[in-house]
Amino acid sequence: MSPAETLSADALGRLTAACQQMALDVQPPQLDTLLRYVAQLQRWNRTYNLTAIRDGQQMLVHHVFDSLAVVRPLAAVLGEQATIMDVGSGGGLPGVVLATLQPGWQVTCVDAVDKKMAFVRQMSGALGLPNLQARHARIETLEPAGCDMVVSRAFASLGDFAEWSGRHVREDGDLVAMKGKTPDAEIEALHAQGVWQVQRIEPLAVPELDAQRCLIWMRRR
């Protein structure tokens, strides 16, 4: 199935413009991969309910553009080689996008819903992403993974995210949560736990999305 079957003809232009707006150096094969991913997400979603968003154009903005917005901030810390875990990944967001743009990153998506990880496994092969893996499990049941970074997008409160996922971050690694508005109450609750500390809050600008977005960077105390 080609992207043209499920996305309007201007999707490539919008995706290219969004990448330029975010100062991302994305090659034509990577753009094609992202469009194929959206097409497959839309196709699988009809049967497996991977995401509440049904429209391909909305998927492009709310899922792909939203995930692309974190690539440069993460790369500034990680460099070209890194191990990353995407917790509560759902249909592979942001994991599939990170693996597409950063072939030197080993990305593992984790989700408790089997059908969602089956989709990500399928995408690893179909999109030619050997650096993308999927684990069907509750994150708190897995053996510590020693990752450079663990990231989540709309997964849980900061406190729960840190409690369940923090042990998968290597000693001097980062725990990073993608959020909407700055979650002041969650930050206060996280600090009350006494293990993880918010280092900084980084605002994000997502093209075509009129909503607040930020990255919450956390490290062990």
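Buried means under 20% relative accessible area, exposed means over 50%, and partly exposed is in between, with a 1.4 Å probe and protein chains only. By that rule Asp148 is buried, with a relative accessible area of 17%.

Before going on, some ground rules. This is a predicted model, in which local features need pLDDT of at least 70 and side-chain atom pairs count only at pLDDT 80 or more, while totals for chains, interfaces and linings use all residues. Residues are numbered from 1 along each chain as its sequence is written, and side-chain values use heavy atoms, with hydrogens and water left out.

Let me start with the sheet. Seven strands form an open sheet in the order E3-E2-E1-E4-E5-E7-E6, with mixed pairing. Strands here are DSSP runs of E with at least two residues, helices are runs of H or I with at least four, and both are numbered from the N terminus. Two strands pair if DSSP finds at least two bridges between them. At the edges are E3 and strand E6 (196–204), each pairing on one side only. Neighbouring strands are turned by 20° against each other on average, direction ignored. E6 and E7 pair in the antiparallel sense over eight bridges, and Pro203 stands opposite Cys214 in E7.

Helices pack on this sheet. Helix H3 (residues 56–68) touches E4, E5 and E7, and its direction makes about 150° with that of E4. Helix H6 (residues 114–126) touches strand E2 (105–111) and E3, at about 160° to the direction of E3. Axes are lines fitted to C-alpha atoms, for helices over the stretch in contact, and angles run from 0 to 180 degrees between N-to-C directions. Contact means heavy atoms within 4.5 Å.

Next, salt bridges. A salt bridge is a side-chain nitrogen of Lys or Arg within 4 Å of a carboxyl oxygen of Asp or Glu. The structure holds ten of them. Back to Asp148: which side chain does Asp148 meet in a salt bridge? The partner is Arg170, at 2.5 Å, N to O. Asp148 lies in strand E4 and Arg170 in strand E5 (residues 169–179), so the pair ties together parts that are 22 residues apart in sequence. Arg170 is partly exposed at 31% relative accessibility.

Arg219 and Asp174 form another salt bridge, at 2.8 Å, N to O. Because Arg219 is in strand E7 (residues 213–220) and Asp174 in E5, this pair ties together parts that are 45 residues apart in sequence. Asp174 is buried at 7%. Salt bridges that share partners also join Asp66, Arg153 and Arg213 into one network.

Last, the record. For "binding site", an unreviewed UniProt entry lists Gly88, Leu93, Ile139, Glu140 and Arg153. Of this set, Gly88, Leu93 and Arg153 are in the lining of the largest pocket. UniProt positions are in the numbering used here, feature names are shortened, and annotations may be inferred rather than shown by experiment. On a 1 Å grid over the protein atoms alone, a pocket is an open set of points where a 1.4 Å probe fits, with protein on both sides within 12 Å along at least five of seven lines; lining residues have an atom within 4 Å of a point.

Gly88 lies in the loop between strand E1 (82–87) and helix H5 (95–101), and is partly exposed at 21%. Is Ile139 buried or exposed? Ile139 is buried, at 4%. Glu140 meets Arg138 in a salt bridge at 3.1 Å, N to O.
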